[in-house]
Amino acid sequence: MTQDPLIIFTPSGKRGRFPVGTPILTAARQLGVDLDSVCGGRGICSKCQVAPSFGDFPKHGVTVSETALSEWNAVEERYDRVRGLKEGRRLGCQATLQGDAVIDVPPESQVHRQVVRKAASARPITMDPATRLVLIEVQEPDMHEPSGDLERVQDALREQWQIENVTAGLPVLRKLQPALRKGEWKVSVALHTPANSDKTMILDVWPSLHEGGLYGLAIDLGSTTIAAHLCDLVTGEVRTSSGLMNPQIRFGEDLMSRVSYVMMNPGGDVEMTNAVREAINTLASEIATDAEIDANLIMETVIVCNPVMHHLFLGIDPVELGQAPFALATSGSLTLPARDLDLTALNAEAQVYLLPCIAGHVGADAAAVALSEAPNQSEDLVLVVDVGTNAEILLGNKEKVLACSSPTGPAFEGAQISSGQRAAPGAIERIEIDPDTKEPRFRIIGSDLWSDDPGFAEATAVTGVTGICGSGIIEAVAEMRMAGLLDPSGLIGSAEQTGTARAEPEGRTNAYLIHDGSADGGPRITVTQGDVRAIQLAKSALYAGARLLMDQLEVDRVDRVVLAGAFGAHISPKHAMVLGMIPDAPLDKVTSAGNAAGHGARIALCNRTARQKIEQTVGEIHKIETAVEPKFQEHFVNANAIPHATDPFPDLAKVAPLPDVHFGASGAQSGSNGGGRRRRRRA
């Protein structure tokens, strides 16, 4: 019997089988995918635009042909003719399913936009930007001195500001003469002088005194999210911050899936390069609009990212990074014209600086974390963990710093979780479980009230409770362990074993019910055995990487732990330690650094000397490649237990003693016998 086509939506990861001819919008609604539509599917509002992808997707186990969707119909053609559709977009209400499909829902088509939790740090930065503004008075042209306007601008910069070796590109030359004459031979010029260089480039010119400001973007280009901070290059002030989902998710949620996509689909690297550059252009335009500035005043951009994102952004084939010896095309810092990277939303002469990469799997984002947190200046032994789809880990002090990358996967972002979703209003982000009653209480993004507070239902009526995001699932699993619902092996107990009807049978295992909104048409949000396993795999990779660095330094403990990234700002140290994500340490020695990679990008944007400093520091960091270290697998297996199979956690035991429960095979069987509501259907 032929199966119905499989449809997979990204970035949510939700999937299901539907009959041939099912509209994409209908499939999305039935799966609970966040796809907007206000016109009732008549092809009028354009809110339901989607981006189909084609080729081999090993991560999803499908091959998508060019005929996976129906051909364009008259409604789409009319809409494109009148209002225009972006290349590669379809209207979800018009395109129908014809075969296995992978469909990306772009941010503008989502009802609940993701909250990108990579806020700018308020820590001070010493200003010494590579791009600055100066006012000069230029000698008027003279019949007896037949020099050009540019040459006289160069003379003025030399005499009035002691700036030598000045050049200008064609866009500036086109503007120079009108600006000089309008300004009565006084002009403001934006100058860019790279670190370690005595050459200066004129980026733009204005008549007389320019008071519109100069701006730069500090961009944290992550595997899952892209966050940007618009900074005033005079004061260092962050004017506004924004972010969006990395559209490359539709090609694979983790980095190796994207490399595999390139290997199996000729031209796949070009697709991903175009997608991420278009996303950065969109983000730059939106952030300029939000700040009410002219995007042409964005003169410089600093980008930090992991090595695979680094290569894909630059348009370099990342295949070598997917196999030993994980060779980078270049590991040094780069300064490139924005036009060479198709960043058309910026000033025509804007410059882009990329921090150096540390190793084939330890990128410029880790370098930015090192710049922000400075473990090489620490007196005590500090472990810095920047958690994302790919975790960057630094361990050291002023004597020596080690670095590695660990493939945690997207579970910490809420992906691969049964009720998981990205961080958006309505998502459960905090949870507590009473160890006596086993009853949960939770908070969702968009409300400060807990679910058992008076007024919670009214306060959350607009968004509802829609799912659980990364910080929520981490806290949920840790709370289940502390409440005795989960044993050290990660097995969820049955209702009989745990004493609560919230432990529900699900096939041969059990699940824990957090919220049941089905009476009002909402979702039932549970933590399944599969969810626990996904979190165990992610946290084991993280802990194993940290432990590997500790082995290299021959230590069993660290003095302090710094949690960086969106995770670090939104999860409690106690939950992280109960889960066994980080080594044991006194809880007051576990702190959050917020978005350390983004802060490092801002430091590099605002301070040229910092660029020189991190370029030198990266050369002194010792890189450990987890993929070829034999002990990594041993540490990974031991770290599967919650918190750990062999490593002691004495500091954790003082503040959160864990119940000694063991459910074993009988627990799974009990769950199966407790009603057995779900049966495997015959093929």
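The following dialogue sets values from a predicted model against the definitions that classify them.

Student: On what terms should this model be read?

Tutor: The model is predicted, so local features need pLDDT of at least 70 and side-chain atom pairs count only at pLDDT 80 or more, while totals for chains, interfaces and linings use all residues. Residues are numbered from 1 along each chain as its sequence is written, and side-chain values use heavy atoms, with hydrogens and water left out.

Student: What does pLDDT say about the protein as a whole?

Tutor: pLDDT is the predictor's confidence in each residue, from 0 to 100. The protein averages 88, and 93% of the residues score at least 70.

Student: Which residues have pLDDT under 50?

Tutor: Over residues 666-683 pLDDT stays under 50, and the model has 21 contacts beyond four places in sequence for this stretch; contact means heavy atoms within 4.5 Å. Where pLDDT is low, the predicted coordinates should not be read in detail.

Student: Why is Y261 called buried?

Tutor: Buried means under 20% relative accessible area, exposed over 50%, and partly exposed in between, with a 1.4 Å probe and protein chains only. Y261 has a relative accessible area of 0%, so Y261 is buried. F251, at 3%, therefore counts as buried too.

Student: What makes the pair of F57 and Y261 tilted?

Tutor: Rings of Phe, Tyr and Trp (its six-membered ring) pair if their centres lie within 6.5 Å; planes under 30 degrees apart count as stacked, over 60 as edge-to-face and the rest as tilted. The ring centres of F57 and Y261 are 5.1 Å apart and the planes stand at 40°, so the pair is tilted. F57 belongs to strand β4 (residues 55-57) and Y261 to helix α5 (residues 255-264), 204 residues apart. Helices (H or I, at least four residues) and strands (E, at least two) are DSSP runs, numbered from the N terminus.

Student: How is the pair of F251 and Y261 classified?

Tutor: This pair is tilted as well, with 4.9 Å centre to centre and 55° between the planes. F251 lies in the loop between β14 (238-245) and α5, ten residues from Y261. F57, F251 and Y261 form one aromatic cluster, and the ring rule gives a count of five aromatic pairs.

Student: What makes R441 a charge over the ring of W450?

Tutor: A charge sits over a ring if NZ of Lys or CZ of Arg is within 6 Å of the ring centre and within 35 degrees of the ring normal. R441 lies over the face of W450 at 4.3 Å from the ring centre.

Student: What defines a nonpolar core, and which residues have the most contacts inside the largest one?

Tutor: A nonpolar core is a set of buried Ala, Val, Leu, Ile, Met, Phe, Trp, Tyr and Cys residues joined through side-chain atoms within 4.5 Å. The largest has 117 residues, and L221, F313 and L355 have the most contacts inside it. Helix α6 (residues 268-291) gives the most to this core, with ten residues. Apart from it lies another core of 67 residues, among them V527, Y543, A544 and V578.

Student: How does the span of helix α3 compare with the expected value?

Tutor: The expected span of a helix is 1.5 Å times one less than its number of residues. Helix α3 (residues 149-161) has 13 residues and reaches 17 Å from its first C-alpha to its last, close to the 18 Å expected.

Student: What backbone value is found in Q162 and S208?

Tutor: Phi of Q162 is near 55°, a positive value in a residue other than glycine. S208 has a positive phi of about 55° although it is not a glycine.

Student: Which residues does a cis peptide bond join?

Tutor: A cis peptide bond joins I642 and P643, with omega about 5°. P643 lies in the loop between α17 (631-638) and α18 (650-655).
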